[in-house]
Amino acid sequence: MMLLIDIGNSRIKWALTDAEDWQAGNPLLRGKHAFKDIARPAWKDLEPPERVIVACVAGDDYAKSVKTWIKRRWKIDPEFIKTDAQNCGVTNAYPDPERLGVDRWASLIAAHALYDAPVCIVDCGTAITIDAVAADGKHLGGLIVPGLDLMISSLTSQAPGIDLDKAMQQEVSLLGRDTESAVQGGTLYSAVALIDRVYNDISDELGRSTVSVITGGDAGRILPLLSKQPDHEPDLVLRGLQIFAGETECVT
């Protein structure tokens with residue numbers, strides 16, 4: 001059995017997989033907690049995996065703590081995916097390949113493997129990222145904007161009269177009837193308008209066979225409002241790790 005771990009800015013997603021089975025675990029909130037304090041209760045009863053494949057955007061110090069805990073717990077070294085110029089049939093568009101986040105790289109690998117077509121990938125997390133990959137695996141580049149909660153917090157930080165917690169909890173309607181619901185709706189529709197427009201432009205460039213895929217923690221908030229309903233792949237990064245592991249040797 002192999003353990004796949006996707007360490008984002010806000011959450012840790014994980015799955016267990018082998019040649020036949022896929023078992024996604026409940027996402028773990030990172031907050032300001034040390035990795036050991038998150039991993040110990042979540043995986044205390046887990047049988048030792050044969051391999052652990054990790055995508056981590058939380059920085060080098062956090063990655064070191066992940067490596068230390070896993071090695072002490074299961075006596076194996078985790079394998080951290082790194083962004084390459086080319087791997088698993090995907091060619092990176094960045095002149096400095098390592099500047100592309102490993103989560104986006106894993107998503108590109110997964111999307112290219114899952115679809116025999118051009119793909120537009122939208123990841124709705126702490127940031128909203130949009131990437132395009134051609135049918136031949138050539139990454140065409142991407143966009144990064146603040147995620148929904150970052151949009152709200154950046155606005156409310158400059159307007160002390162707005163209740164941040166209330167703004168994040170409002171039900172969304174077309175037009176808000178108080179300031180907080182107007183902020184919530186405005187940020188949501190900003191994201192929706194961006195995604196709709198970019199998908200249309202990418203489809204014009206790559207053809208109407210272009211597939212749209214959405215992932216990330218806020219996908220459920222954005223998905224119902226989009227003009228074109230994309231495929232929802234909540235485990236896209238983890239699927240990319242699975243494909244990467246299948247095409248690489250165990251590296252310690």
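The axes of H1 and H2 approach within 9 Å and cross at roughly 35°, the axes being lines fitted to C-alpha atoms, for helices over the stretch in contact, with angles from 0 to 180 degrees between N-to-C directions. The crossing of H1 past H2 is right-handed; that is, the near helix is turned clockwise from the far one by less than a right angle. On the H1 side, the contact (heavy atoms within 4.5 Å) is made by Phe35, Lys36, Ile38, Ala39, Arg40 and Trp43, and on the H2 side by Tyr62, Ser65, Val66, Trp69, Arg73 and Trp74. These residues comprise 8 nonpolar, 1 polar and 3 charged; Ala, Val, Leu, Ile, Met, Phe, Trp, Tyr, Cys and Pro count as nonpolar, Asp, Glu, Lys and Arg as charged, and the others, Gly among them, as polar.

The model is predicted: local features need pLDDT of at least 70 and side-chain atom pairs count only at pLDDT 80 or more, whereas totals for chains, interfaces and linings use all residues. Residues are numbered from 1 along each chain as its sequence is written, and side-chain values use heavy atoms, with hydrogens and water left out. Helices (H or I, at least four residues) and strands (E, at least two) are DSSP runs numbered from the N terminus.

In H1 (residues 35–43), Phe35, Ile38, Ala39 and Trp43 are buried, meaning under 20% relative accessible area with a 1.4 Å probe, protein chains only. Viewed down the axis of H1, these buried residues fall within an arc of 90° and therefore line one face of the helix; the arc is that of the directions from the helix axis to the C-beta atoms. Their cover includes strands S1 (2–7), S2 (11–17) and S4 (28–29), together with helix H2 (60–74).

Val102, in helix H3 (residues 102–114), is buried at 13% relative accessibility. Not counting residues up to four places away in sequence, Val102 touches Ala55, Cys56, Val57, Ile81, Lys82 and Thr83.

Ala134 lies in the loop between strands S10 (127–133) and S11 (139–146) and is buried, with a relative accessible area of 14%.

An open sheet of 5 strands has the order S11-S10-S9-S12-S13, with mixed pairing; two strands pair if DSSP finds at least two bridges between them. S11 and S13 (231–232) stand at the edges with a single partner strand each, so one side of each lacks a neighbour in the sheet. Strands S9 (residues 119–124) and S12 (residues 211–215) run parallel and are joined by 5 bridges. Val122 has Ile214 of S12 as its bridge partner.

Conventions
Buried means under 20% relative accessible area, exposed over 50%, partly exposed in between (1.4 Å probe, protein chains only).
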